[in-house]
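Trainee: I have just opened this one and would like a hand finding my way around. Could we talk it through together?
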Amino acid sequence: MKIKNLILTLCLCLPVVTFAQRTDKVSATYTYTATKTMPISQAEQIALERAKIQAIAEKYGTLVSQSNTTYVRNNDGKSTIDFNSVSSSDVKGEWIETIGEPEFSNPIFEKDIYSVTVTVKGTIREIVSSQVELDYAVLCNGFESRNERTQFKNGDDMYLRFQSPVDGFLAVYLVDHNAGSVYCLLPYARSGMASQTIEHDKKYIFFSSQYAEDEVKNKVDEYNLTTSVEQERDDIVVLFSPNKFTKANSEQTDELLPRELSIKAFDTWLGSVKRKDKDFVEKRIVLEIRK
């Protein structure tokens, strides 16, 4: 008995080794050229997104693709990326949070085009294992596959199709870059939920009372997209994790709009959640709304 107790004591005294997922601080500068018909705010946002992708690709590389149209060239230690084919899902890492404020240069105009340059610093994390594969799509004015689109006209109805192979939790936001605001679309405002509960392999249509279960039909928020400018670019942010998380703090500032918070506050909250949960999945869908 004494020998067994001694062995047990030695085992309990062994150090517990944990392996933290790799993170790095990076900086990137990117110049984007746009036509004069594109709003400067939209060009700046595209430049910022591509600077982040470039920083991740240069640090961790890109995922192997079956497409022959993806090119990442390296000249004297500097990567050149063809962004016609490289997206945030093609790089072997993810952007966790932005450090400070991105620095944008004044636009440089030349004939029918102009260019904007941004420098951004942030923290990124290497993706070392496959994330949950989600099936999701934005739907316009209907619920069939033919209604999947990212281009909307003023007043079009918007729905979200979603399915996960595992149980988990979901939140959905809309980022309005023109207004500088982020709107919480899901969980529904009257549901009182921290995040939307998801059952594995179940097909969901959100933002439609027609497809809602009876007990929540009266709590469903339905949306149509509008804009006051000729062309607007918004992001739908789909956030999922097999681990429970709580949505960001937001407030009701307009009874006709969902609860909202600033882009800065949203990014701070999102960075905090992603740092704590290596299984957290962030997907973005870029929407174009025309007046």
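Trainee: How many aromatic pairs does the structure hold?
Mentor: This is a predicted model, and the structure holds 11 aromatic pairs. One of them is formed by Phe245 and Phe280, whose ring centres are 5.2 Å apart with the planes at 75°, so the pair is edge-to-face.

Trainee: And where in the chain do Phe245 and Phe280 sit?
Mentor: The pair links distant parts of the chain, with Phe245 in the loop between β15 (231-241) and β16 (260-262), and Phe280, 35 residues apart from it, in the loop between α3 (263-276) and β17 (281-290).

Trainee: Is Phe280 buried or exposed?
Mentor: Phe280 counts as buried because its relative accessibility is 0%, and Phe245, at 7%, counts as buried too.

Trainee: What about Phe266 and Trp269, how do their rings meet?
Mentor: Their ring centres are 5.8 Å apart and the planes lie at 35°, so that pair is tilted. Phe266 and Trp269 are three residues apart in helix α3, which means that about one helical turn separates them. Phe266 is buried, with a relative accessible area of 1%, and Trp269 counts as buried at 14%.

Trainee: Changing topic, where is Gln45?
Mentor: Gln45 lies in helix α2, which covers residues 40-60, and Gln45 is buried because its relative accessible area of 16% falls under 20%.

Trainee: Which residues does Gln45 touch, leaving out those up to four places away in sequence?
Mentor: With those left out, Gln45 touches His177, Arg233 and Asp235.

Trainee: And the chain as a whole, how many helices and strands?
Mentor: The chain has three helices and 17 strands, and buried residues make up 41% of its 291 residues.

How values were computed. Residues are numbered from 1 along each chain as its sequence is written. This is a predicted model: local features need pLDDT of at least 70, side-chain atom pairs count only at pLDDT 80 or more; totals for chains, interfaces and linings use all residues. Side-chain values use heavy atoms; hydrogens and water are left out. Helices (H or I, at least four residues) and strands (E, at least two) are DSSP runs, numbered from the N terminus. Buried means under 20% relative accessible area, exposed over 50%, partly exposed in between (1.4 Å probe, protein chains only). Contact means heavy atoms within 4.5 Å. Rings of Phe, Tyr and Trp (its six-membered ring) pair if their centres lie within 6.5 Å; planes under 30 degrees apart count as stacked, over 60 as edge-to-face and the rest as tilted.
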